[in-house]
Amino acid sequence: MGIVLPSLLLLFALPALPQPAFEYWPGAMYDPRIPTIRKVLGHDAGERITGSAGLVRYLEALAAVSGRVKVFEYAESWEGRRLVYAVVASEANMKRLPEIRAAVLRLADPRKTTEPDARRLMQGLPIVVWLGYGVHGNEISSPDAALMTAYHLAAVRNDAMADKILANTIILIDPTQNPDGRDRFVNHFEQTRGLEPDASPLSAEHNEPWPGGRTNHYLFDLNRDWFALTQPETKGRVKALLEWKPQVFVDLHEMGSDSTYYFPPEADPYNPHLAKDQKDSLQLFGRNNAKWFDRFGFDYFTREVYDAFYPGYGASWPSYFGSVAMTYEQASVRGLVIRRSDGTAMRFRDTVRDHFVASISTAETAGQNREKLLGDFYRYAVTAIEEGSKENIRAYVLPRARDASSGATDKLALLLAEQGVEVRRATAAFRMGGQEYAAGSYAVSLAQPAKRLIRTLLDPVTPMDEKFLKEQERRRKRKLPNEIYDVTAWSLPLLYNVEAVASSSEPPGTGFEAVSAAGREQGAVSGGKASVAYLVPWGTASAGRFLAAAHRDGIRMFSTDKPFKISGSAFPAGTLIVKVKDNPPDLDARVRKLASSSGAAVYATNTGWVEEGVNFGSRHVFHMRRPSVALAWDSGVSAASAGATKFVIERQFGYPVTSIRLAQLASADLSRFHVLILPDGPYGSALGNGAVRRLKDWVTAGGTLIGVSGAVSFLAGPKAGLLSVARESAAKPETAAAKKDEKEKESEKDDVVPGKLLATEADYEKAIVADSEDPESVPGVLAKARVDTEHWMGAGMGDSVQALVSGRAIYSPVKPDKGINVAVFAGPDQVLASGYLWEENRKQLAHKPLVVVETLGRGVVIGFTADPNYRAYLDGMNVLFLNAVFRGPAHARPVTSEE
């Protein structure tokens, strides 16, 4: 051993110097009767990352002791975890919570509350502030800050600022909006942590395995689900928000470790349907946050990155009932400590403190500006009704007819009602704006407080600010990234592929009934007990649910590729035929039960004789085998695409899916599966030659392979060769300047190229154009495609559909000798249905495939160049996708007939 130096001995011998106690709010004095976080959970705030159960346990411990706290449960996650919010208020305000909530709801509707009555209400009314923490499960600091915020307001004593907050505000604390994702992260962190917290960014504790903790059980980004309401966490939260309608809403997030802290004002663009008062009030909160951050020495930024355009954010959706809604973003540790690129260490407790200070500052701002914010809240509804009564669009009508769109129209009406929109259903036919509408159609007047939400959800296009768009075009020209944060199109009628008629007339005052958010479409069997067959017209989500449930119930079914007419009624291609002779004696009872639960319209027939079209025994009628469906899963697959695909099949249509880890596909026995879905993903490095060979053998033997988005590029590539489309580079102008002549190309093999004179800026621009590059990346638009309804893959569809197109991929169409282009994007003047699309992309996307089908041996390969299940809100694409999953196996010819 070497010699130990005395100085080193002293280093080990001396006791550690005492560290100053970490204070979240310096000088605060707390009531010892109120339990601390350590007393309940065994650790101090920011010392450990608290799991979702611990968050709830601590809030309930506060509520058990403090008269300032009450806890309410509002939802349960897919994995059975509770979602709660805690109300924090003075004891006096706590005693009159029902009265306060009722008064707020009266302010929210000026049709029930005159302006003098509103002023009287506001005199003694606290302002309601909702603080939402942890919508992304791996953004870990804000939920622990929620506990510290609740403790501080419940326990602090002799604090004038806190006393004013409690007197003037009702604070609603939602500690974690995504408990499943949070616990996924916490479990990962606990499993990978070592002897001590590791600051290295390369440490496993900072780097989650697929899919990460950001998303919920079905891998949904819950901060994009607010108007789609697909997930139980979102549905419960929206219901709770509509019960309170807080005047201030904050969604607290995290961002990259090298950043600082963000709070509003937001970046451009703003949604044009936001009110000026809402935008102006952002200054109040930003300035007060800046005051406290300056005092504590915290760095921050504003007006960058995070916009207020897309209405599906937590920081956007509450705006449409009048709230001032905001995003706060804190640099993330993703553990307990991390070393940033500048060499400094950032600790978890520091990030918890930043969110805690911002939370208290927000409550202070709301209380100090109580009268102004309550007045703005009331005027928001007043001006919404005024605008809805005077603008060119005064109502929307959602026509309902007996066709494939009726179920989607019903769902859209219910979705609007679930978000607080007043929707009315016609009890009889009516005339409006010079048009006739059938009974069952829906009318949505814009003379209501939710007018701005209606416009942003139902208008075909929500325009972006022209100045902002000019700047994006300038940046694009300079090859700089654009500043568009999310998709630019989300019109619900386009997403659902249903008609929505904008009218300058008000709906009639009579002949309508209110639509309840609790209502659901009911199915039924018409025609009594069948002696020959039951027929289910194809083309609706309810028919898809019937098919899935009937498969699970063991019912044998057929489907026609051609339309037919029987007993005077027309049935479309894809219609399900349930023959009595092929099924058990209790078929009638089973079919009626399935019709009721699925919402499907079912028709009994006592004859197989058709007046037009194909008979039940035609070669165009195929047996619908019960498919076993597999889905590629895990690293190498887009988590969002995989989760949405699984969710749509399992939860929207009730059919089980087997998730297979991508690494197992190379050796997996796929023979028991009829369908394999490859969600969006690169695949090239994840699936080797052996895996590709097995996929080809499986398809050739009768499998149905479905590739989505990025998977199409893999299937079409030289390695797989399973699709005959090809991904295109950016189209270039056919000019001499854009092409190098052969002599110049030849000379480039040497070190020297022929000289050129660049006399103008235009010459320079041409000279720097790349020989080949990808198309520009599209942030997200709705693009129109025409559908081949004569092909089995297009059965039940209308003539056109909208797809959500994003990214760079554009594919060449398949040639007729190789396959069929079942859905093809419209021409350059019609392809853009909604959103902002670069001009070059618009021209190049035209007439390119959305859906292609090819046969290989006895099997089928289907490619969707755009994800049909994106965010699970493209209901208009459902039938196309169901055709791939259920009708694909019916048209494959597997070697075995086993189901």
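1. Strands here are DSSP runs of E of at least two residues, numbered from the N terminus. The model is a predicted one. In it, Asp-174 belongs to strand β6, which covers residues 169-174.

2. Is Asp-174 buried or exposed? Its relative accessibility is 0%, and because buried means under 20%, Asp-174 counts as buried. The side chain of Asp-174 makes a polar contact, at 3.1 Å, with the side chain of Arg-237. Leaving aside residues up to four places away in sequence, Asp-174 also touches several others, among them Tyr-74, Tyr-85, Trp-130 and Tyr-133.

3. A further region for the reader's attention is an open sheet of six strands, in the order β21-β27-β22-β26-β23-β29, with mixed pairing. Strands β21 (524-526) and β29 (621-623) stand at the edges; each has a single partner strand, so one side of each lacks a neighbour in the sheet. From one strand to the next, the twist averages 30°.

4. Within this sheet, β23 (residues 558-560) and β26 (residues 576-579) run antiparallel and are joined by two bridges. Phe-558 stands opposite Ile-577 of β26.

5. Which strands does helix α18 touch? This helix, residues 541-552, packs on the sheet and touches β22 (533-536), β26 and β27 (601-605). The direction of α18 makes about 40° with that of β26. Helix α19 (residues 587-598) also packs on the sheet, in contact with β21, β22, β26 and β27, and its direction makes about 125° with that of β21.

6. Ser-542 lies in helix α18. With a relative accessibility of 5%, Ser-542 counts as buried. Apart from residues up to four places away in sequence, Ser-542 touches Glu-521, Ser-598, Gly-599 and Ala-600.

7. Two cis peptide bonds deserve mention. One runs from Pro-264 to Pro-265, with omega near 15°, and Pro-265 lies in the loop between β8 (261-262) and β9 (267-270). The other joins Asp-268 and Pro-269, with omega about 5°; Pro-269 is placed in strand β9.

8. Leu-219 is buried, with a relative accessible area of 5%, and Leu-229 counts as buried at 5% relative accessibility.

Methods
Residues numbered from 1 in each chain as written. Predicted model: local features only at pLDDT ≥ 70, side-chain atom pairs only at ≥ 80, totals over all residues. Heavy atoms only, no water. Helix = DSSP H or I, 4+ residues; strand = E, 2+ residues; numbered from the N terminus. Buried < 20%, exposed > 50% of the residue type's maximum accessible area, 1.4 Å probe, protein only. Polar contact = N/O pair within 3.5 Å; in protein donor to acceptor, adjacent residues only side chain to side chain. Contact = heavy atoms within 4.5 Å. Pairing = 2+ DSSP bridges. Axes fitted to C-alpha atoms, helices over the stretch in contact; angles between N-to-C directions.
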